[in-house]
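Dear colleague,

I am passing on the structure we spoke about, together with some notes on what came out of going through it. Please read them with the coordinates open beside you.

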Amino acid sequence: MIHFVLLISRQGKVRLTKWYSPYPQKERTKVIRELSGLILTRGPKLCNFVEWRGFKVVYRRYASLYFCMCINQDDNELEILEIIHHYVEILDRYFGSVCELDLIFNFHKAYYILDELLIAGELQESSKKTVARHIAAQDSLVETAKEQASSLSNIIAEATK
Amino acid sequence: MNPFSSGTRLRDMIRSIRGCKTAAEERAVVRKECAAIRAAVSENDQDYRHRNLAKLMFIHMLGYPTHFGQMECLKSIASPGFPEKRIGYLGLMLLLDERQEVLMLVTNSIKQDLNHTNQYIVGLALCALGNICSAEMARDLAPEVERLLQFRDPNIRKKAALCTIRIIRKVPDLAENFINSAASLLKEKHHGVLLTGVQLCTDLCKVSSEALEYFRKKCTEGVVKVLKDLANSPYAPEYDIAGITDPFLHIRLLKFLRVLGQGDVDTSDCMNDILAQVATKTEPNKNAGNAILYECVATIMSIEDNGGLRVLAINILGRFLSNRDNNIRYVALNMLMRAITVDSQAVQRHRATILECVKDSDASIRKRALELVYVLVNESNVKPLTKELIDYLEVSEPEFRGDLTAKICSIVEKFSPEKIWYIDQMLKVLSEAGNYVKDEVWHALIVVTTNASNLHGYAVRSLYRLVQTAGDQEILVRVAVWCIGEYGDMLVNNTGFLDMEEPITVTESDAVDVVETAIKRHSSDLTSRAMCLVALLKLSSRFPSCSVRINDVIVQYKGSLVLELQQRALEFSAIVDKHRNIRSTLVERMPVLDEATYSGRRAGSVPAVVSTSQGAPINLPNGVAKTTSAPLVDLLDLSSDDVPVPSSSGGDFLQDLLGVDLSPSLSQTDTNQAQKRGTDVLLDLLSIGTPPAQSNSSIPEMVSPSDDSKSAINVLEQLSSPSAPAGGVSTPPGSSPMMDLLDGFAPKPENNVPAYPSIVAFESSTLQVTFNFSKQPGNQQTTIIEANFSNKTFDAYTDFIFQAAVPKFLQLHLDPASSDTLPASGNGSISQKLRITNSQHGKKSLVMRIRIGYKSNNKDMLEEGQINNFPRGL
């Protein structure tokens with residue numbers, strides 16, 4: 001089970017956090033601080049796993065961003081690396097060669113995609129295409145609703161002129 | 001409309017926050033935005049709720065408080081449109097977690113959304129439920145989720161399956177309801193549903209044995225077939241990763257098979273073929289393939305025995321271990337740890353490679369490898385393995401040394417074939433990484449050394465040599481100083497010379513040099529210096545020619561700001577100066593310390609040792625902070641009063657140390673027991689093995705009023721019980737601290753009215769009990785004891801009950817206690833009066849068994865002990 005997902009930038013800025021196990025607010029800040037100290041200082045050739053408080057944190061660096069997932073001692077670390085990569089590929093397809101700025105300004109989109117990928121700390125979908133399809137469908141639902149709203153307000157504006 | 005809320009768009013806010021150059025600037029921007037959002041919230045502004053929530057989430061991510069947005073999430077979820085719901089659920093998952101009461105308010109909205117006609121809205125509700133639901137919500141909404149497991153759209157079915165996992169993790173009782181619908185998911189073709197269905201079944205098995213039985217019987221073959229089809233499936237672009245179709249599903253199926261096969265031979269047999277196929281056919285080139293192999297090995301190791309498969313698995317691990325990729329090596333070490341219980345021989349074969357991994361540059365790998373080496377050690381390989389580890393200790397990184405040292409010490413202690421080897425290895429460790437060695441380890445080394453009488457000379461000579469080269473290792477120096485103090489003559493005379501030793505010539509003054517350098521080193525701490533003083537005292541007798549020089553060194557500490565050192569210096573210099581005739585008996589060699597008693601005690605006292613070493617620094621009366629526990633205690637870990645001594649063992653460890661029962665001889669001197677405790681500690685530091693009556697006669701001038709001595713000894717006592725509050729202790733001005741050492745033996749003036757000193761009746765790592773005594777005038781038989789309890793932990797105790805039992809010749813009456821709650825950290829105490837009538841007054845002294853029960857952190861605690869240090873004459 002994945003206990004939480006963290007996206008941290010090279011400078012230690014938090015870009016995304018998702019908690020599947022209950023961590024109180026104060027604890028969350030502490031965890032993030034502790035882990036960024038642990039992970040950001042590791043050299044490039046070292047393995048992608050850090051043992052921490054009896055858990056394992058699997059991380060992978062993409063450009064300036066560290067994707068970290070915390071799992072149990074007996075979970076499959078190599079698979080988590082695949083899951084991270086899976087997520088990154090989906091983000092990449094969605095944003096079109098994703099960069100850190102995309103994730104900053106569209107952080108909610110990154111969360112929506114993560115929610116299509118993981119629920120309750122477990123993997124939900126192994127097909128990138130399927131995830132992309134569901135996200136696109138929901139985005140278009142939002143678009144339609146917006147258009148309706150604006151056309152409605154146009155009509156009202158027309159009528160009250 | 002709110003004048004603020006229309007102000008900035010989400011994008012602009014993020015931009016302006018990113019533009020901030022200082023943290024203060026950022027706070028200002030955030031404060032302004034939060035104010036605007038609050039205003040919008042209080043006006044119930046609906047047009048911009050969407051935008052405000054998004055802003056809040058960003059602010060939340062930066063670590064600012066956003067609780068005022070929680071209700072907005074709920075409102076947003078309750079609104080009819082999809083965009084509002086989408087952002088509302090996202091906010092719900094981000095800004096709230098399962099412990100918040102607010103969450104209950106959303107149950108109804110989620111329930112409605114689970115029944116919504118739009119499948120994406122159902123999906124949002126399931127996702128939120130799966131990520132943050134509490135136990136109550138799980139109970140309330142389980143039926144809706146169960147229904148959704150059969151929903152027509154696979155997107156909903158898979159979400160419902162994962163949501164069910166959360167529900168049964170929160171409320172395992174609900175598991176039974178889901179068994180059938182979960183089993184039907186295993187027949188699905190859709191990968192997402194199958195993936196989540198398999199995961200659900202695995203989790204069901206973990207919480208319900210009924211589910212495990214059911215799936216074993218009904219589904220094993222089906223699952224094996226699914227895995228077989230998957231492993232043999234042709235290229236499927238949608239699910240392909242590095243040439244493998246859906247490795248995620250592979251891994252989940254293997255995991256499920258592991259749960260099914262564990263502890264069941266038939267089921268395990270059923271999956272042998274497919275496991276063998278996966279283990280041999282999977283391409284190990286890419287991470288995805290290795291992930292599957294890794295999972296497959298884990299399954300092979302866990303299911304019921306099949307020799308052939310296990311060989312296959314160990315071989316895979318061997319390949320992993322020699323892989324250049326650190327990740328692969330890491331998981332190999334991890335898995336070998338589990339394999340060792342199954343087939344330790346096979347793991348031993350990889351010992352050399354594992355040992356190499358201990359020296360890896362990667363901390364994670366080093367840690368795994370070290371733990372593995374630790375379990376690999378046995379009697380036959382301990383010597384080469386220890387040598388490797390110690391060699392590596394020399395070059396290891398500082399942050400790794402602590403772990404490494406602890407493991408080496410533990411290996412050496414556990415498996416040492418002979419004492420000389422043990423001493424050699426420990427000395428090597430001490431000279432490389434002495435400062436990482438725990439107190440009990442070097443204490444043990446001293447105990448072992450004293451026991452090996454043929455190695456005394458060898459040990460002290462080796463230590464002498466090492467100190468010349470590694471004099472900066474404080475712990476090494478301590479051990480060396482102790483041994484030189486004890487066996488200095490052997491060092492000089494080359495007594496007990498072993499054939500393998502190199503000859504060495506040490507003069508008496510060389511030996512004193514070592515101790516003198518050690519005591520003068522700036523980095524030496526109180527314990528080391530105190531030990532040095534004792535060693536000097538001993539050497540003054542062993543080497544009479546150096547005694548003037550030694551006294552000069554000791555005298556320098558008469559003015560030490562540290563009370564402990566000052567006191568020792570005064571006492572010792574008095575002995576060196578004035579009491580030549582008793583000196584040699586005073587500083588005789590320590591009697592052999594009983595190894596079995598020591599190690600047994602050590603096992604029992606480990607928590608106490610931990611608590612004292614981690615405790616807050618104690619302020620000595622003269623304001624010098626001291627972080628280690630008191631030196632007197634530390635010397636030989638005499639902290640017996642910290643540990644509830646098992647009453648069965650009866651005797652005091654101090655007496656064991658001396659091998660002499662001091663109490664009869666001491667009782668003749670009619671000193672009270674509290675004094676005795678203080679002197680005891682000193683006595684064995686000085687190795688007095690002779691009845692003190694002798695010394696009595698030789699020091700008549702040392703008689704002093706007993707109250708003086710009492711206070712001085714109290715200081716001593718205070719030092720020897722590091723956990724006692726040190727605040728109230730001070731030496732009365734004018735009293736001469738050097739008196740007290742030998743005062744204990746002075747006969748007390750007859751006309752002294754018996755005033756009984758308080759005693760620490762019982763002390764553990766969590767609790768201290770002190771007794772104050774008073775007599776009713778005219779009734780010598782009855783003693784009134786006021787017991788005071790104080791709490792040494794940071795948790796208050798409730799339901800505090802003190803019980804006591806006494807032998808038949810005593811009568812005990814307990815008054816009610818002042819309270820049944822004991823505040824934390826000694827902030828207040830409970831007092832309780834006891835009245836004891838001693839029918840054999842004058843013949844027998846008091847003795848009492850006690851039992852203390854209380855609740856700490858809602859856990860029932862019980863402590864027991866026996867008190868036999870009552871002052872005499874009660």
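**A covered strand in chain A**

In β5(A), A:Leu65, A:Phe67, A:Met69 and A:Ile71 point one way while A:Tyr66, A:Cys68 and A:Cys70 point the other way, and all of them are buried. Please keep in mind throughout that this is a predicted model. The strand, which spans residues 65-71 of chain A, is accordingly listed as mostly covered, with 7 of its 7 residues buried.

As for its partners, strand β1 (residues 2-9) of chain A pairs with β5(A) in the antiparallel sense over 7 bridges, and within β5(A) it is A:Ile71 that stands opposite A:Ile2. Strand β4 (residues 55-62) of chain A also pairs with β5(A) in the antiparallel sense, over 7 bridges, and here A:Ile71 is the bridge partner of A:Lys56. A:Ile71 therefore has a bridge partner in A:Lys56 and, being under 20% relative accessible area, counts as buried.

**Chain B**

Chain B has 874 residues, of which 56% count as buried, and it contains 39 helices and 12 strands. Of the contacts in chain B between residues at least 6 apart in sequence, 69% join residues at least 24 apart. Its accessible surface comes to about 36,100 Å², with 51% belonging to carbon and sulfur atoms.

**Where the chains meet**

The contact draws on 70 residues from chain B and 62 residues from chain A, and the two chains bury about 5,900 Å² between them, 55% of it on carbon and sulfur atoms. On the side of chain B, B:Met61, B:Arg86 and B:Phe248 supply 13% of the area buried against chain A, more than any other three residues.

Between chain B and chain A there are 8 salt bridges, including one between A:Glu51 and B:Lys367, whose closest N and O atoms are 3.1 Å apart. The interface also holds 32 residue pairs in polar contact, both residues being at pLDDT 80 or more. Helix α9 (residues 154-170) of chain B gives the most to the side of chain B that touches chain A, with 8 residues.

One residue deserves a separate look, namely A:His108, which is found in helix α4 (residues 107-117) of chain A. Leaving aside neighbours within four places in sequence, A:His108 is in contact with B:Leu10 and B:Leu90. A:His108 counts as buried because its relative accessible area is 14%, which is under the 20% cut-off.

With best regards

Methods:
Residues numbered from 1 in each chain as written. Chains lettered and ligands numbered in written order. Predicted model: local features only at pLDDT ≥ 70, side-chain atom pairs only at ≥ 80, totals over all residues. Heavy atoms only, no water. Buried < 20%, exposed > 50% of the residue type's maximum accessible area, 1.4 Å probe, protein only. Helix = DSSP H or I, 4+ residues; strand = E, 2+ residues; numbered from the N terminus. Pairing = 2+ DSSP bridges. Contact = heavy atoms within 4.5 Å. Areas by Shrake-Rupley, 256 points an atom, 1.4 Å probe, with all protein chains shown as cover. Buried area = accessible area lost by both parts, 1.4 Å probe. Salt bridge = Lys/Arg side-chain N within 4 Å of Asp/Glu carboxyl O. Polar contact = N/O pair within 3.5 Å; in protein donor to acceptor, adjacent residues only side chain to side chain.
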